[in-house]
Amino acid sequence: MHGPTHEPGRSRTPFGEMYEAHFDAVLGFVTRRTADRHLAADLTADVFVAALEAFDGYDPGRGTHLMWLYGIARNTLASQARHAARERLAVATLSGRRLLDEQDVQRFEERIDAEREARDLLTRHAALSEPLRAVIDLVAVDGLTTKEAAMVLRISQATARVRLHRARAALRAGRTNPPGPLPVPLAEVSR
């Protein structure tokens with residue numbers, strides 16, 4: 001690995017070029033999955049630290065730099081989610097639960113009513129199995145093609161297409177129906 005250049009805005013190392021070319025895309029990938037800008041900045045930095053550590057092992061035959069970085073970002077986000085879940089459990093165990101007062105309840109009810117359609121879509125999205133969510137997020141949110149999503153997820157293109165079709169069908173299924181279970185059994189959707 002060559003040492004970084006010190007020209008402003010220019011890096012001649014292969015990693016530096018990749019970093020500059022894909023920083024905004026990786027930051028966007030992370031910020032679409034967390035609303036906390038400080039956490040998004042930390043996670044984006046973690047993605048590039050992990051990429052730097054693994055850069056010598058990068059295999060262009062397995063996909064573009066961006067797809068490789070998205071794979072690292074998925075792993076980084078999953079690790080952070082596991083850590084956050086453990087932390088929430090520890091805090092709940094140590095401090096108990098705060099009771100909501102009447103004003104809190106009213107504010108929550110107003111917000112829930114105002115965001116019903118978005119909440120219904122998020123509920124259907126959350127009900128998808130992780131493999132279906134991963135494909136739909138990479139294609140619909142991150143703008144990858146089905147082929148690129150398959151490469152990021154290390155699955156066949158045919159499998160990615162089937163998962164994408166099932167995810168879209170499950171998300172559409174509840175749009176005109178009253179809230180409730182999806183008409184397609186989740187066990188069948190997750191295959």
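The protein has 9 helices and 0 strands, where helices (H or I, at least four residues) and strands (E, at least two) are DSSP runs numbered from the N terminus. From the N terminus on, its elements run α-α-α-α-α-α-α-α-α. The model is a predicted one, in which local features need pLDDT of at least 70, side-chain atom pairs count only at pLDDT 80 or more, and totals for chains, interfaces and linings use all residues. Residues are numbered from 1 along each chain as its sequence is written, and side-chain values use heavy atoms, with hydrogens and water left out.

**Confidence and overall figures**

The average pLDDT (the predictor's confidence in each residue, from 0 to 100) is 81 for the protein, and 80% of the residues score at least 70. Over residues 1-6 the pLDDT is below 50, and this stretch has 8 contacts (heavy atoms within 4.5 Å) beyond near neighbours in sequence. Residues 176-191 also have pLDDT under 50, with 15 contacts beyond four places in sequence.

Of the 191 residues, 31% count as buried; buried means under 20% relative accessible area, exposed over 50%, and partly exposed in between, with a 1.4 Å probe and protein chains only. Among contacts with a separation of 6 or more, 58% come from residues 24 or more positions apart.

**Helix α8 and its partners**

Helix α8 covers residues 157-173, 17 residues in total. From its first C-alpha to its last it reaches 24 Å, close to the 24 Å expected at 1.5 Å a residue; the expected span is 1.5 Å times one less than the number of residues. The buried residues of α8 include A160, R163, L164, A167, A170 and L171.

Two packed helices are described by the angle between their axes and the distance between the axes. Here axes are lines fitted to C-alpha atoms, for helices over the stretch in contact, and angles run from 0 to 180 degrees between N-to-C directions.

| Helix pair | Angle | Axis distance |
|---|---|---|
| α7 (residues 146-153) and α8 | about 110 degrees | 8 Å |
| α6 (residues 130-141) and α8 | about 90 degrees | 8 Å |

Angles under 35 degrees count as roughly parallel, over 145 as roughly antiparallel, 65 to 115 as roughly perpendicular and the rest as oblique. Helices α7 and α8 are therefore roughly perpendicular to each other. Their contact is made by T146, K147 and A150 of α7 with Q157, A160, R161 and L164 of α8. These residues divide into 3 nonpolar, 2 polar and 2 charged; Ala, Val, Leu, Ile, Met, Phe, Trp, Tyr, Cys and Pro count as nonpolar, Asp, Glu, Lys and Arg as charged, and the others, Gly among them, as polar.

Helices α6 and α8 are likewise roughly perpendicular to each other. Here P131, L132, V135, I136 and V139 of α6 meet A160, R163, L164, R166, A167, R168 and L171 of α8. By class, this contact has 9 nonpolar, no polar and 3 charged residues.

**Individual residues**

R154 lies in the loop between α7 and α8. R154 is exposed, with a relative accessible area of 61%, and has a positive phi of about 60 degrees although it is not a glycine.

D120 belongs to helix α5 (residues 116-127) and, at 22% relative accessibility, is partly exposed. D120 and L171 are 51 residues apart in sequence, with 9.5 Å between their C-alpha atoms.

G28 sits in helix α1 (residues 14-31) and counts as buried at 14% relative accessibility. The C-alpha atoms of G28 and T44 are separated by 9.2 Å, the two residues being 16 apart along the chain.
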